[in-house]
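Reader: I would like to learn how to read helices, sheets and cores from a model. Could you take me through some cases slowly?

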Amino acid sequence: MAEVTLPQLGETVTEGTITRWFKQVGDAIAADEPLFEVSTDKVDTEVPSPVAGTVVEIRAQEGDTVPVGAVIAVVGDAAATPAAPAAPEAPATEPAPAPQPEAEQAAPEPVPAPAAVAAGEPVQTSYESSPAAESAAPVAQAGADAAPATQQPGTERAPASADGAAADNRLLSPVVRRLVAEHGLRPDDITGTGPGGRITRDDVLDHIDQVGGASPRTGEPAAATQPAAAPAAEPAAAPAPAAAPAPVAAAPAPAPARPAAAPTVAAGERDTVVKLSKIRKLTGAHMVMSKSVSPHAFSVVEVDYANVDLTRSAVKSSWKASEGFSLTYLPFITRAVIDALGEFPHLNASLGENEIVVHDYIDIGIAVDLDHQGLLVPVVRAAETKRLRAIAREINDLANRARSRKLSPDEIQGGTFTISNNGSAGSVLTMAIINQPQAAILSTDAIVRKPVVANLPDGSEAIVIHPVGNLAMSWDHRVMDGAYPANFLVRVKQILETRDWSAEL
């Protein structure tokens, strides 16, 4: 027998959601054949079986979120018999407790710990258990002293919540805790749909969609939920002689107004509802966070690509024949950006706690559209060590595997600078949102033929038709001021317009 556990799917990944099982109990499976699909906050990926044999047990169902290292399936040899589900033991019959003295009955009973279960229910052990849940101390219920002293024998008070402590941070996964903290939410306000009422990542994202979570909550109950006590009727009194007017108390200062909640939209008969995918929700949450964290500023240069076209046109046919894909402008732009980052290192940086962390390596992220279903940013590692041909090959490979969902989590995290190739979709000018915690993101917009003024070899000027496009960059104004990114873009433009690119091939 071999236990199949949820593998480590990245340095920062602590859990994953089982989205699909490719095999069921009793099915035969070969080694390295896909067994299940898992979704994390980084990527969706297929996980192969470590051994060949027969699936004899599945411990995590589709939709369950499990921690890294949890056993989720068991694979035995070909002759293995699937494990039958254990039947719950019949509850033992206990005699009714003897009547207690009145003083003992009036004493409040301790509330059972979250790990306790009611008599007669089978005890369920699963991957959801945690040491924090088992060691949680009992909490006294509000109003326990006011409970009737004549409690019937055999009855028990209901636990404070369906999971014992469903809203307790100790029972929230790291991903859920991070989302709750980033959006200033209270776990008590979120309805959990996981096992035992546990709050899942989708529950938090759905709650954000419904009520908004960008502004922190005060944690105080709304005043409207507490009914005001009716004033006691007083008998009418005889009119008293007029007295000196009492000093008027100063009116309390008005409480600061809370940010307006996001408007809600109800679908009508003429509307079509499209449910947001997980990657769409996660991308949206990350973008909202980025806009709230970084003061975005914007700079643009126009680039004449006639010099690049001299090399592209000369090797276009031979390149396609030898490499199997077309040589586009993107590898040239990426190569120029890499060289310019070496001269402007504060753009290849991240902002820490009162410090700028300048990276001594360049890992370039290339945003890839997944057929309008989401966005991934695979990373070209150690890009400063690679020339044009190697960069072009790696960009093509990463883009193809991103669209076929074959990337590993480590391939889409840890970048130091991001390029978004919006020009392939025809965009003329794009203000992209910074990919946190990076300092900037560059957008390559559409390259079109248009009239430009060119310098001729004899020193004169002429109007010619050249391929021209914009390079637009959003950057973090906390890290730098306008002259630094502007000079960086001018340097990228200069490299593209003047370098002998044939030497790179």
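This is a predicted model: local features need pLDDT of at least 70, side-chain atom pairs count only at pLDDT 80 or more; totals for chains, interfaces and linings use all residues.

Reader: What span should helix α9 have, and how far apart are its end C-alpha atoms?

Author: At 1.5 Å a residue, the 16 residues of α9, numbered 483-498, should span 22 Å, and the end C-alpha atoms are 22 Å apart, which agrees.

Reader: Which residues of α9 are buried, and which are exposed?

Author: Pro485, Phe488, Leu489, Val492, Ile495 and Leu496 of α9 are buried. Seen down the axis of the helix, these buried residues fall within an arc of 120°, so they line one face of α9. On the other side of α9, Ala483 and Thr498 are exposed. The cover over the buried residues of α9 includes the helices α6 (306-323) and α7 (330-343), together with the strands β9 (296-304), β15 (417-420), β16 (440-444) and β18 (461-476).

Reader: How do I read the open sheet of four strands, and which strands stand at its edges?

Author: As a general idea, strands of a sheet pair through backbone hydrogen bonds, either parallel or antiparallel. Here the order is β5-β4-β2-β7, and the pairing is antiparallel. The edges are β5 (44-48) and β7 (65-67), each with a single partner strand, so one side of each has no neighbour in the sheet. From one strand to the next, the twist averages 40°. Strand β2, residues 15-21, pairs with β7 over three bridges in the antiparallel sense, and glutamate 15 stands opposite proline 67 in β7.

Reader: Is strand β8 largely enclosed or open, and which strands do bridges join to β8?

Author: Five of the six residues of β8 (71-76) are buried, so this strand is largely enclosed by the rest of the structure. Strand β1, residues 2-5, is joined to β8 by four bridges and runs antiparallel to it, with threonine 5 opposite valine 71. Strand β6, residues 53-58, is also antiparallel to β8 and joined to it by four bridges, and there valine 55 has valine 75 as its bridge partner.

Reader: Which residues touch the most other members of the largest nonpolar core?

Author: In soluble globular proteins, nonpolar side chains tend to be buried together. The largest core here has 53 residues, of which Val337, Ile364, Phe417, Leu471, Met473, Phe488 and Leu496 touch the most other members. The largest share of this core, eight residues, comes from α7. Apart from this core lies another of 19 residues, among them Leu9, Ile29, Val47 and Ile72.

Conventions: Residues are numbered from 1 along each chain as its sequence is written. Side-chain values use heavy atoms; hydrogens and water are left out. Helices (H or I, at least four residues) and strands (E, at least two) are DSSP runs, numbered from the N terminus. The expected span of a helix is 1.5 Å times one less than its number of residues. Buried means under 20% relative accessible area, exposed over 50%, partly exposed in between (1.4 Å probe, protein chains only). The arc is that of the directions from the helix axis to the C-beta atoms. Contact means heavy atoms within 4.5 Å. Two strands pair if DSSP finds at least two bridges between them. Axes are lines fitted to C-alpha atoms, for helices over the stretch in contact, and angles run from 0 to 180 degrees between N-to-C directions. A nonpolar core is a set of buried Ala, Val, Leu, Ile, Met, Phe, Trp, Tyr and Cys residues joined through side-chain atoms within 4.5 Å.
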